Amino acid sequence: MKTSLIAAAAVMLLSFGANAANTMKPHHEDALDCRTCHTTKGKFQRPEAETCIECHGGMSEIPTDPNRWDKNPHSSHHYEDLLECTACHSEHKASRAICSECHIVEFPNLK
Amino acid sequence: MKRRDLLKAAAILPVATLGMAHAASADKKEKMSFDEVYDLIIVGSGFAGLSAAYSANKAGLKNILIIEKMIAYGGASAICGGIVCMPGTKLQEKHGIEDSAELLVQDMVKVGRGFNHPELAMTMATQASTAYDMMMDCGVEFKDKLLRLGSHSAPRGHIPSNASGGGIVVPMHKHLLEKGIKFQNRTNVSAIISDDSGVSGVAVQTDFDSRTGKFAKELTYKSRHGVVIASGGWGSDKQFVKTTMPVYADLRTTAQSGATADMIKSLLAAGSLPVMLDMYQLGPWGSPDERPAGPGSFFSDYAFSEGIAVDPKTGKRFVNELSSRRTRSEAELVVMQKGTKETPNYPFTFCSEETTEHAEGFHAAYRDGAVKKSDSVAELAKRHGVDEATLTQTIADWNEIVKGAPDPFNKPLDVKTELKAPFYSFRLSPVLHYCMGGVAITPDAQVIDATTCEPIKGLFAAGEIAGGVHGMDRLGGCSSIDGLVFGQIAGRTAAKYKANA
Ligand SMILES: Cc1cc2nc3c(=O)[nH]c(=O)nc-3n(C[C@H](O)[C@H](O)[C@H](O)COP(=O)(O)OP(=O)(O)OC[C@H]3O[C@@H](n4cnc5c(N)ncnc54)[C@H](O)[C@@H]3O)c2cc1C
């Protein structure tokens, strides 16, 4: 009993530790915990695009804000909807639009 | 030695000792199990890889895997302009354009300065219509017009309806998904695995991060029908470019960041015969005022065609604006050499407003400042540091040519547009655009062995990673068709190939 309590405490500490290192996006903070997205058993893995799409809907349902470069990455003529969400969006670090590898463009509202 | 190390060693050993490595691996045969098994593995998800999957599937193979090391699928093919030059299609017929495979090959050999492998060039041109049929079958749509790119003797450039290579690779990718073909991204192929019967699989790194080179696991995949390499060029590999062609070391490149030399190195390690590895194509439509292959480069194809290009130092035209990319780039470099770091002498191309109205890329290039508007010759001259009187004369001379006077540079004129203000101009400086070289292949896409000059069993290559089709330099809109044709051939050859046969 005692050992399992300690083990449980250790697990909690560990997950808190992970939490502290991996901050979440503000709009996720209240609603989610690690296992909302990291659904596979065992070691945390990068979630599939489907995990995001379940709540947010697919690209076509999320229009990009109009911008002066006329770029709409959610209907890009290079990739259409074949891109995974995590190609551009990161949860635990700054997101980075892959279009900016070639194009001059900024998305001030990139989440 | 662990199994993985052994395989790696086998993959990187010089050809002469490969036999020994085979013996060693044969010894441990019972331990040589692969982590996964497929009918056919294709490396790369661009034109060539997709076409290989398409034809292999048609030929009856079921369990096909396309491996892509980047997050985004499609490589250069997805980000490219998507112009496909094909002779003898229904669209050409509809527009009443006379053309033939022979005429295309003539153009290719001229631009390739005779370095083309004739059988490969002929195969590409004569089978171009099969690529057209494949694209139609996959739901690709082209605009209802044809473009004549530099050095092509007929308008044969087919433009995807969305003016991007994505207009080809996305429908093809989706078509293949429907057919049950598997795609696996973020997976780097790190070595080609051979056994006694030939090439039998690949070593991969999963969850590969192309920015850091980190990965999760190293695994081995078996491929029953040999392996198709469709990994594209290596223009982003500064070290490899510099080592093979030191003079181009500082040029900017149009290549995507994943276009590194790892796969050509693996092919060489597997004993492939290299051809023309030091030959690179430059894009004469690069500009100091935008990133390589920005929207201005698409606009400039129209300015080259309907307008003219001028050397600021002389105020005169300096090249046939529709000559080959090599001729134009070399001429531009000569013009640039007249400048200094402090006062550069960038050549520029310009056209009338009428041309901008149908030029892809104009809107974005003008908005972003790469293309500039001048309301008079005086303004244009001032902007580019040209003598106004000479420039006025150059424009008047050109307008005579448009009316029918002979052109000293012999530029073909499909559209006759008078040059008049307002002018839209674009400064030029060549960028590294395409790897002419690669591994030597047979017309049925088998990779050739460097020691025997015979095909390597079970190793197939298509697209930019293969060399020889275009010789020393290639025509615009001819890389897409190269990958689409030889990709299909590689898929068919692989489907017929059986290990131990
Ligand atoms: C900006 C631009 C515009 C262009 N416009 C045109 C045009 O209009 N018409 C035309 O004909 N040509 C054009 N080209 C050239 C043409 O796009 C390319 O030559 C062609 O797409 C190459 O096709 P591919 O299938 O051989 O390779 P790619 O499309 O580059 O595909 C190769 C794929 O293999 C992947 N890969 C590489 N190594 C590995 C590895 N070790 N493991 C796993 N995956 C790997 C790469 O990441 C890449 O996605 C253009 C090129 C650029 C850059």
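Predicted model: local features only at pLDDT ≥ 70, side-chain atom pairs only at ≥ 80, totals over all residues.

Me: Ok, which residues come nearest to the ligand?
Reply: There are 37 residues around it, and the nearest are B:Glu68, B:Ser77, B:Glu464, B:Ser479 and B:Ser480.

Me: What does B:Ser77 do with its polar side-chain atom?
Reply: That atom sits 2.5 Å from a ligand oxygen. B:Glu464 has a side-chain N or O atom 2.6 Å from an oxygen atom of the ligand. On the backbone side, an N or O atom of B:Lys69 is 3.2 Å from a ligand nitrogen.

Me: And how much of the ligand does the protein bury?
Reply: 96% of the 1000 Å² that the ligand exposes when taken alone.

Me: Which element gives the most to the shell?
Reply: Helix 4 of chain B, with three residues. Others in chain B giving two or more include helix 3 (47–58), strand 8 (188–195) and helix 18 (479–496).

Me: How does the shell split by class?
Reply: 14 nonpolar, 19 polar and four charged residues.

Me: Switching to the sheet: what's the strand order?
Reply: In chain B it runs 15-14-16-18-17, an open sheet of five strands with antiparallel pairing. Strands 15 (316–317) and 17 (371–374) are at the edges with a single partner strand each, so one side of each has no neighbour in the sheet.

Me: How many bridges link strands 14 and 15 of chain B?
Reply: Two, in the antiparallel sense; strand 14 covers residues 308–311. B:Asp311 has B:Lys316 of strand 15 as its bridge partner.

Terms used
Residues numbered from 1 in each chain as written. Chains lettered and ligands numbered in written order. Heavy atoms only, no water. Pairing = 2+ DSSP bridges. Helix = DSSP H or I, 4+ residues; strand = E, 2+ residues; numbered from the N terminus. Near = heavy atom within 4 Å. Polar contact = N/O pair within 3.5 Å; in protein donor to acceptor, adjacent residues only side chain to side chain. Areas by Shrake-Rupley, 256 points an atom, 1.4 Å probe, with all protein chains shown as cover. Nonpolar A, V, L, I, M, F, W, Y, C, P; charged D, E, K, R; others polar.
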